[in-house]
Amino acid sequence: MTKLEKMSSEEQVSISKKMFYGGFAFLPLLWLVNFMYFFKTSRKPTAPKELKKYMYLSLAGCIVWFIILTTWYSLFVNKRISWGLTADKITVVIPKGV
């Protein structure tokens, strides 16, 4: 990948924007990569505001996605038995003995 220092501000914003919108395709890790990739660049005083916008929106999206995923996981683990057949239909591997 090209070094960020060699890219123009417009190219950086374009890549960050593409990674931000790509994250909506159920790729929350792409949001995290977007944030981490442009973090150093965004700390510079010459960094474009639009880059910071997409970068921090990506971080917010990643955090929201993480909260939703962990909430679903904790609900499923704790309520699977009480959901009965419905939970068994959406379970990939059914634990034996429960």
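The model being toured is predicted. Thr41 belongs to helix H2, which covers residues 28-42. Now show what surrounds the side chain. Beyond neighbours within four places in sequence, Thr41 is in contact with Leu4, Gln12, Ala47 and Leu51.

Stay on helix H2 and select Phe35 and Phe39, which are four residues apart there, about one turn of the helix. Phe39, at 34%, counts as partly exposed.

Next, turn on the aromatic side chains. The whole structure holds 13 aromatic pairs. Phe35 and Phe39 form a tilted one, with 5.5 Å centre to centre and 50° between the planes.

Then select Phe20, Tyr21, Phe24, Trp31 and Tyr54, which together form one aromatic cluster.

For the last stop, switch to a surface view and select Trp72, Leu75, Trp83 and Ile90. These residues make a nonpolar surface patch of about 400 Å². Which helix gives the patch its largest share? Helix H3 (residues 49-83) does, with three residues. Ile90 is found in helix H4, residues 85-90. The relative accessible area of Ile90 is 49%, so Ile90 is partly exposed.

Notes:
Residues are numbered from 1 along each chain as its sequence is written. This is a predicted model: local features need pLDDT of at least 70, side-chain atom pairs count only at pLDDT 80 or more; totals for chains, interfaces and linings use all residues. Side-chain values use heavy atoms; hydrogens and water are left out. Patches are made of residues with over 30% relative accessible area and no salt bridge: like charges are joined within 9 Å, nonpolar side chains (Val, Leu, Ile, Met, Phe, Trp, Tyr) within 5 Å. Accessible areas come from the Shrake-Rupley method with a 1.4 Å probe; for residues, only the protein chains shown count as cover. A salt bridge is a side-chain nitrogen of Lys or Arg within 4 Å of a carboxyl oxygen of Asp or Glu. Helices (H or I, at least four residues) and strands (E, at least two) are DSSP runs, numbered from the N terminus. Buried means under 20% relative accessible area, exposed over 50%, partly exposed in between (1.4 Å probe, protein chains only). Contact means heavy atoms within 4.5 Å. Rings of Phe, Tyr and Trp (its six-membered ring) pair if their centres lie within 6.5 Å; planes under 30 degrees apart count as stacked, over 60 as edge-to-face and the rest as tilted.
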